Amino acid sequence: MTKKAAPAKRAATAKAAAKKPPVKKAPPPKKQVIAPKKAAAAVRAAPAKTVVRPARQESRTALVRRARRINRELAEVYPYAHPELDFENPFQLLVATVLSAQTTDLRVNQTTPALFAKYPTPEDLAAANPEEVEEILRPTGFFRAKTKSVIGLSKALAEDFGGEVPGRLEDLVKLPGVGRKTAFVVLGNAFGRPGITVDTHFQRLVRRWQWTEETDPDKIEAAVGALFPKSEWTDLSHHVIWHGRRICHARKPACGACPIAPLCPAYGEGETDPEKAKKLLKYEKAGLPGQRLKPPQAYLDAGGKPAPPLGAG
């Protein structure tokens with residue numbers, strides 16, 4: 001080979017190398033978001049876990065599994081979850097649920113003892129003086145509209161149902177002031193018939209958890225109901241609502257004290273520092289009284305405290 005041929009060979013080799021596709025560098029590993037080492041709100045200590053954020057296009061099967069696991073975790077945290085309205089019979093629960101609109105269950109529970117002491121049956125409330133009922137219901141807010149509703153539904157019960165609360169959805173929603181949410185509260189907790197209660201807490205949490213993107217309560221009810229066996233609907237409602245009231249608040253969710261942080265796509269929207277998050281907890285998780293004046297014994301056995309009557313303290 002001549003000396004002139006050597007440069008030509010090197011040029012050809014360089015040209016061939018230039019045609020080879022460049023080697024792509026592997027992307028840097030994504031930073032893991034670590035859940036708090038201990039969920040301050042849980043009934044048992046939880047080890048540090050990696051938060052698993054669902055894929056943007058989560059499969060239906062994966063969604064169902066994650067949703068059901070969240071419910072199982074909440075069932076362990078709130079094994080005593082129950083309706084937070086005091087009631088002794090279906091009529092009291094129906095009236096209390098209607099009164100709970102735009103106010104807290106605690107305020108309703110502080111108000112209804114006087115109402116039911118004076119008007120214990122639908123017939124009694126149907127014949128009541130509206131002004132006297134308004135005065136009793138004043139602390140619950142919107143007392144004139146609520147007075148009209150409870151007197152109206154009491155008249156309907158007395159006239160159309162023999163003074164008994166009907167146990168069918170189609171009958172309940174015909175009563176004044178009673179919608180699907182109220183009807184399912186009554187059916188699930190007074191008659192043992194499964195139903196999903198889509199209140200503001202339920203709507204907020206199921207959207208944060210990406211169980212559904214729906215905003216209409218009826219569509220949310222259908223979408224979430226399809227993820228669970230019907231037999232679990234009532235307890236599921238309690239678990240979600242309890243979690244929304246105690247930990248996963250609207251403005252400042254206590255992410256650092258949340259026992260289901262590893263399963264939550266919205267982890268980090270709230271306070272993640274465990275000590276700071278612990279200060280955001282409400283009701284029995286913060287050592288404060290719950291919402292019922294007469295809570296179930298299981299709740300008391302777990303350390304829950306009954307709420308004070310109206311005017312106490």
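## Terms and basis

A residue counts as buried under 20% relative accessible area, exposed over 50%, and partly exposed in between, with a 1.4 Å probe and protein chains only. Helices (H or I, at least four residues) and strands (E, at least two) are DSSP runs, numbered from the N terminus.

The model is predicted: local features need pLDDT of at least 70, side-chain atom pairs count only at pLDDT 80 or more, and totals for chains, interfaces and linings use all residues. Residues are numbered from 1 along each chain as its sequence is written, and side-chain values use heavy atoms, with hydrogens and water left out.

## Overall make-up

The chain has 14 helices and zero strands. Of its 313 residues, 46% count as buried. Contact means heavy atoms within 4.5 Å. Among contacts between residues at least 6 apart in sequence, 60% join residues at least 24 apart.

## Helix α4

Helix α4 covers residues 105-118, 14 residues in total. From first C-alpha to last the helix reaches 20 Å, close to the 20 Å expected at 1.5 Å a residue; the expected span is 1.5 Å times one less than the number of residues. A kink of about 35° lies at Thr-112, shortly before the proline Pro-113. The bend at a residue is the angle between axes fitted to the seven residues ending there and the seven starting there.

The buried residues of α4 are Asp-105, Val-108, Asn-109, Gln-110, Thr-111, Thr-112, Leu-115 and Phe-116. They pack against α3 (90-99), α5 (122-126), α6 (130-137) and α12.

## The nonpolar cores

A nonpolar core is a set of buried Ala, Val, Leu, Ile, Met, Phe, Trp, Tyr and Cys residues joined through side-chain atoms within 4.5 Å. The largest one has 40 residues, of which Tyr-78, Phe-202, Trp-209, Trp-211, Val-224 and Phe-228 touch the most other members. Helices α2 (60-77), α10 (200-208), α11 (217-225) and α12 each supply at least two residues of this core. The largest share, six residues, comes from α2. Apart from this core lies another, of 32 residues, among them Leu-85, Ile-136, Leu-175 and Ala-183.

Leaving aside neighbours within four places in sequence, the contacts of Trp-211 include Leu-63, Arg-66, Ala-67 and Ile-70, as well as Val-224, Phe-228 and Leu-236.

## Helix α11

In α11 the buried residues are Ile-220, Glu-221, Val-224 and Gly-225. Seen down the helix axis, they fall within an arc of 120°, so they line one face of α11. The arc is that of the directions from the helix axis to the C-beta atoms. What covers these residues includes α9 (180-190), α10 and α12.

Asp-216 caps the N-terminal end of α11, with a side-chain oxygen 3.1 Å from the backbone nitrogen of Asp-218.

Ser-237 is in helix α12 (residues 233-246). Ser-237 counts as buried because its relative accessibility is 1%. Its side chain reaches the backbone oxygen of Trp-233 at 3.0 Å. Beyond neighbours within four places in sequence, Ser-237 is in contact with Gly-195, Ile-196, Thr-197 and Phe-202.

Asn-71 is found in α2 and is buried, with a relative accessible area of 7%. The side chain of Asn-71 makes a polar contact with the side chain of His-239 at 2.8 Å. A polar contact is a pair of N or O atoms within 3.5 Å; within protein, one must be able to donate a hydrogen and the other to accept it, and residues adjacent in sequence count only if both atoms are side-chain atoms.
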